[in-house]
Amino acid sequence: MTGVLFSLAILAAVFATGMRRLRRHRLRRAAAERPGVSPERAIAIQSYAEIDDHLARRWCICGGHLERAGEGTRVSDGRRFRVARLRCQECDRVDEVFFDTTEVAD
């Protein structure tokens with residue numbers, strides 16, 4: 001009887017570990033495909049206020065809260081980008097979010 005319970009406990013632990021790995025994989029994939037992860041997937045904006053609105057809804061793949069760690073401007077192929085650097089308060093992961101500011105009036 002003890003052997004059966006021990007086997008069930010091991011099976012439950014393996015299942016739980018597999019589910020956590022699957023969830024992390026799905027979160028990483030979703031994060032890699034979301035808007036703003038690269039200049040090619042930059043978020044087109046009409047005003048700089050849209051940056052704040054978008055970043056307020058952004059999440060880390062670990063589920064933690066992101067805080068701004070800086071911003072900068074880049075120019076590439078005739079397009080102007082505003083790049084926000086974010087750091088997760090939980091896991092310290094650093095992400096960049098690209099905004100296409102080519103159409104924003106200065």
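Modeller: What follows goes through the salt bridges, then the loops, then the surface patches.

The model is predicted, so local features are given where pLDDT is at least 70 and side-chain atom pairs where pLDDT is 80 or more, while totals for chains, interfaces and linings use all residues. Residues are numbered from 1 along each chain as its sequence is written, and side-chain values use heavy atoms, with hydrogens and water left out.

Side chains of opposite charge can pair when their charged atoms come close. A salt bridge here is a side-chain nitrogen of Lys or Arg within 4 Å of a carboxyl oxygen of Asp or Glu. Over the whole structure, the search gives nine salt bridges. One of them joins R74 to E96, with 3.1 Å between the closest N and O atoms. This pair links distant parts of the chain, since R74 is in strand β2 (residues 66–76) and E96 in strand β4, 22 residues apart. Strands (E, at least two residues) and helices (H or I, at least four) are DSSP runs, numbered from the N terminus.

For burial, residues under 20% relative accessible area are buried, those over 50% are exposed, and those in between are partly exposed (1.4 Å probe, protein chains only). R74 has a relative accessible area of 39% and is therefore partly exposed. E96, at 25%, is partly exposed as well.

Strand β4 covers residues 94–100 and contains D95. D95 counts as buried because its relative accessible area is 16%. A salt bridge runs from D95 to R93, the closest N and O atoms being 3.2 Å apart. R93 is partly exposed, with a relative accessible area of 36%. Salt bridges that share partners also join D52, R68, E71 and R82 into one network. The side chains of D95 and R93 are joined by a polar contact of 3.2 Å too; a polar contact is a pair of N or O atoms within 3.5 Å, where within protein one must be able to donate a hydrogen and the other to accept it, and residues adjacent in sequence count only if both atoms are side-chain atoms.

V94 is also placed in strand β4. V94 is partly exposed at 42% relative accessible area.

In the loop between β3 and β4 is D92. D92 is not a glycine, yet its phi is positive, about 65°. The side chain of D92 meets that of R87 in a salt bridge of 2.6 Å, N to O, and R87 is partly exposed at 28% relative accessibility. The loop between β2 and β3 (79–88) holds D77. D77 also has a positive phi without being a glycine, at about 50°. With a relative accessible area of 79%, D77 is exposed.

Helix α1 (residues 2–33) is the place of R21. R21 is exposed at 55% relative accessibility. L8 is in helix α1 as well, and L8 belongs with M1, V4, L5 and L11 to a nonpolar surface patch of about 570 Å². Patches are made of residues with over 30% relative accessible area and no salt bridge, nonpolar side chains (Val, Leu, Ile, Met, Phe, Trp, Tyr) being joined within 5 Å and like charges within 9 Å. Accessible areas come from the Shrake-Rupley method with a 1.4 Å probe, and for residues only the protein chains shown count as cover.
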